[in-house]
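Trainee: I'd like to learn how to read a structure feature by feature. Could you walk me through one?

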Amino acid sequence: MMHPDTEIRYVSEQVGIGVFATKLIPKGTIIWIRDDLDIILDEEYIDSLDDVRKEIIYKYSYLDNDGEYVLSWDHAKYINHSFNPNVVDTAYDFELAVRDIQPGEQITCDYAALGEDEEFDCIPEEGTSRTKVTADDYLVLYEEWDKMAIEAFKYFNKVEQPLKHLISEEYIDKVNAVANGTEPIDSILTIFDDDDDED
């Protein structure tokens with residue numbers, strides 16, 4: 001589920017639509033969280049569908065730790081990629097704002113953190129030499145993502161968290177401990193390690 005202070009807006013002809021903040025969303029706020037309304041689909045079922053629906057599902061879903069495709073039920077599926085994202089993925093099935101996100105600013109994440117298994121070229125961006133997302137990006141970038149998450153978690157208990165009640169029981173104790181500074185954060189790399197263990 002997306003943070004309630006967001007909406008879909010037109011970006012450009014090349015990009016299409018994206019998700020934008022409608023109010024200030026402070027650093028450390030949960031921007032998106034997986035919840036029980038998300039649609040879980042296995043690859044065999046997706047491949048049995050007609051080409052139109054299949055293409056849409058593969059475009060807008062992501063692969064989870066169990067090897068199933070998750071299609072967000074709300075506008076979260078329209079978050080666009082950026083090499084300079086304002087949200088970061090965590091090992092706890094949610095994404096955090098890595099800085100204050102201003103009203104009218106587009107919400108972006110790094111698609112490499114979603115475990116993309118195919119590389120693709122991206123729109124050029126200032127401030128980065130990256131031009132494509134590859135399947136192995138996480139091996140290089142996980143430390144950077146972890147640092148971003150650690151910094152964001154410092155603000156977790158200082159900001160309003162309208163999505164906190166959706167943190168899964170599996171993670172709630174650990175998330176509270178990380179936010180309180182009593183336990184270290186789990187690396188995002190653990191998600192990819194779980195994926196590798198299943199192969």
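Predicted model: local features only at pLDDT ≥ 70, side-chain atom pairs only at ≥ 80, totals over all residues.

Trainee: Fine. How many helices and strands are in the protein chain?

Mentor: Helices (H or I, at least four residues) and strands (E, at least two) are DSSP runs, numbered from the N terminus. Here the protein chain has five helices and twelve strands.

Trainee: And what share of the residues count as buried?

Mentor: Buried means under 20% relative accessible area, exposed means over 50%, and partly exposed is in between (1.4 Å probe, protein chains only). In this chain of 199 residues, 45% count as buried.

Trainee: What about contacts between residues 24 or more positions apart?

Mentor: A contact means heavy atoms within 4.5 Å. Take the contacts in the protein chain with a separation of 6 or more: residues 24 or more positions apart account for 66% of them.

Trainee: Now a single residue. Where is Leu 163, and is Leu 163 buried or exposed?

Mentor: Leu 163 sits in the loop between helix H3 (137-153) and helix H4 (169-180). Its relative accessibility is 1%, so Leu 163 counts as buried.

Trainee: Which residues is Leu 163 in contact with, leaving aside neighbours within four places in sequence?

Mentor: Met 1, Met 2, His 3 and Pro 4 are among them, and so are Ile 30, Ile 31, Trp 32 and Ile 33. Check Ile 30 in your viewer: Leu 163 and Ile 30 are 133 residues apart in sequence, but their C-alpha atoms are 6.4 Å apart in space.

Trainee: Ile 33 came up there. Where does Ile 33 lie?

Mentor: Ile 33 lies in strand E3 (residues 30-33). Ile 33 counts as buried because its relative accessible area is 1%. Leaving aside neighbours within four places in sequence, Ile 33 is in contact with Leu 163, Leu 166 and Ile 167, and also with Met 1, Asp 38, Asp 93 and Phe 94. Ile 33 and His 3 are 30 residues apart in sequence and 8.4 Å apart in space, C-alpha to C-alpha.

Trainee: On to charges. How many salt bridges does the structure hold?

Mentor: Side chains of opposite charge can pair when their charged atoms come close. The cut-off is a side-chain nitrogen of Lys or Arg within 4 Å of a carboxyl oxygen of Asp or Glu. This structure holds seven salt bridges. One of them joins Arg 9 and Glu 7 at 2.6 Å, N to O. Arg 9 counts as partly exposed because its relative accessibility is 30%, and Glu 7, at 32%, also counts as partly exposed.

Trainee: Is Glu 105 buried or exposed, and which residue does its side chain meet in a salt bridge?

Mentor: Glu 105 has 19% relative accessibility, so Glu 105 counts as buried. Its side chain meets that of Arg 99 in a salt bridge (2.7 Å, N to O), and Arg 99 counts as partly exposed at 35%. Glu 151 forms a salt bridge with Lys 154, where the closest N and O atoms are 2.7 Å apart.

Trainee: Last one: how many cavities of 30 Å³ or more does a search of the whole structure find?

Mentor: On a 1 Å grid over the protein atoms alone, a cavity is a set of points where a 1.4 Å probe fits but cannot get out; lining residues have an atom within 4 Å of a point. Grid points are joined across faces, edges and corners, and a volume is the space filled by probe spheres set on the points. The search finds one cavity of 30 Å³ or more, and the largest cavity has a volume of about 60 Å³. Eleven residues line the largest cavity, with Val 87, Val 88, Asp 89, Asp 110 and Ala 113 nearest its centre. Strand E8 (87-89) and H3 are the elements that give two or more residues to that lining, and E8 gives the most, with three residues.

How values were computed
Residues numbered from 1 in each chain as written. Heavy atoms only, no water. 1 Å grid on protein atoms, 1.4 Å probe; cavity = no way out; pocket = protein on both sides within 12 Å on 5 of 7 lines; lining within 4 Å.
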